Amino acid sequence: MTQQFSFKLKATDGKARTGVISTPRGEVRTPAFMPVGTAATVKAMMPESVRATGADILLGNTYHLMLRPTAERIDRLGGLHKFMNWDRPILTDSGGFQVMSLAGLRKLTEKGVTFKSHIDGSKHELTPERSMEIQRLLGSDIVMCFDECPALPANRDRIAESMRLSMRWAERSRDAFGDRPGHALFGIMQGGLEQDLREESAEALKSIGFEGYAVGGLAVGEGQEAMFDCLDYAPDSLPMDKPRYLMGVGKPDDIVGAVARGIDMMDCVLPSRSGRTGQVFTRYGVVNIKNARHADDPRPLDENCSCPACANYSRAYLHHVFRANEMISGMLLTWHNLHYFQEIMQGMRDAIAEGTFDAWQAAFHAQRAQGDIEPL
Ligand SMILES: [Zn+2]
């Protein structure tokens, strides 16, 4: 018997929600943070280590994987889960956003996008149909509709035109996805920062019908205040009983603010990318490990953190291996950052379930405002 994809809302507190997404590959507790495994790896982490941080689901990038090693090769080798040794749920993006941000020389038509690979300049085409095919070859559990995300700043006409194209592509994505029990297709709401366009987009998506809904086109440089303004209304026009995914977010306080506004899922490269550049997220704010103040400091990054970087190593060691450009630096700092992000998610899930999310948020902001421990 094939288990179906489903979402069960367990509790709400204000607009914040906690629930469980069930898939044949396991459950995803929401609110969920998805580490990004761009090229079939969360950089500097073994899959079992990613799981140990508390992640239930990973994100994979269609654009990167279609170019190298190609979706067809991954399919021949048994699919993305087997290829990268992660047997839990995987969500893949559609490739649309990354074509716009990474590929050279693009041509956009009603049919789709043709572009040149940033790796070797070779020519490729992505359409709703091809994006669905690639995500099926990868074996993705949650597939995203192929959409267009206009570069900002853009005027209202351009945003409206782009949103309506994305809605036509959403319908083609739904048709091309077909009947795949146990797998989900998520629609993506567009419309920039225009409330009526967001609502038009939500209506179009709901009339097509999806297993989940994403809020796209945010976290593209508009700033937190503008993003929160949009999230004050955008999730309200999406169905209550389906997961809501905010794409590409974000910093810890972005994540908390999004959950407070009714978002269930997020992804961001920030914890892993920052881990490689010496930027550490802690409950007391951001720590730059390259800073000379850590050179003689025998204390852990965060004495209350149970991750391997904090349990077994001093700030002095982490500072040294970062300065010496040792690989363990990126490994330990990425582990800590992912652990901290997952700890935030667990804290929010528990607080929403207990009806204490306001108090949890107040404590979260108070600790961050406190700042890092004093230098020795
Ligand atoms: Zn830690």
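**Exercise 1. How are the donor residues of the zinc ion spaced in sequence?**

Solution. The model is predicted: local features need pLDDT of at least 70, side-chain atom pairs count only at pLDDT 80 or more, and totals for chains, interfaces and linings use all residues. Residues are numbered from 1 along each chain as its sequence is written, and side-chain values use heavy atoms, with hydrogens and water left out.

Step 1. Identify the donors, which are N, O and S atoms within 2.8 Å of the metal (3.2 Å for Na, K and Ca); water is not among the atoms, so sites may look incomplete. The protein donors are Cys305 (SG), Cys307 (SG), Cys310 (SG) and His336 (ND1), at 2.1 to 2.3 Å from the zinc ion.

Step 2. Write the spacing of these residues: C-x1-C-x2-C-x25-H. Cys310 in helix H12 (residues 308-312) and His336 in helix H14 (residues 327-354) are 26 residues apart, and the pair links distant parts of the chain. Helices (H or I, at least four residues) and strands (E, at least two) are DSSP runs, numbered from the N terminus.

**Exercise 2. In which order do the 8 strands of the open sheet lie?**

Solution. Step 1. Two strands pair if DSSP finds at least two bridges between them. The order is E4-E14-E13-E12-E11-E10-E6-E5, with parallel pairing.

Step 1. Strand E4 (32-35) and strand E5 (58-60) are the edge strands, each pairing on one side only.

Step 2. Look at one pair inside the sheet. Strand E11 (residues 184-189) and strand E12 (residues 212-215) run parallel and are joined by 4 bridges. Gly187 has Tyr213 in E12 as its bridge partner.

**Exercise 3. How many aromatic pairs does the structure hold?**

Solution. Step 1. Rings of Phe, Tyr and Trp (its six-membered ring) pair if their centres lie within 6.5 Å; planes under 30 degrees apart count as stacked, over 60 as edge-to-face and the rest as tilted. The structure holds 10 such pairs.

Step 1. Classify one of them. Tyr63 and Phe115 have ring centres 5.7 Å apart and planes at 45°, so the pair is tilted. Tyr63 in helix H2 (residues 62-67) and Phe115 in strand E8 (residues 113-116) are 52 residues apart, and both are buried.

Step 2. Classify another. Trp360 and Phe364 are stacked, at 5.4 Å centre to centre and 10° between the planes. Being 4 residues apart in helix H15 (residues 357-370), they are separated by about one helical turn.

Step 3. Look for linked pairs. Phe33, Phe281, Tyr340 and Phe341 are joined into a cluster by ring pairs.

Conventions
Buried < 20%, exposed > 50% of the residue type's maximum accessible area, 1.4 Å probe, protein only.
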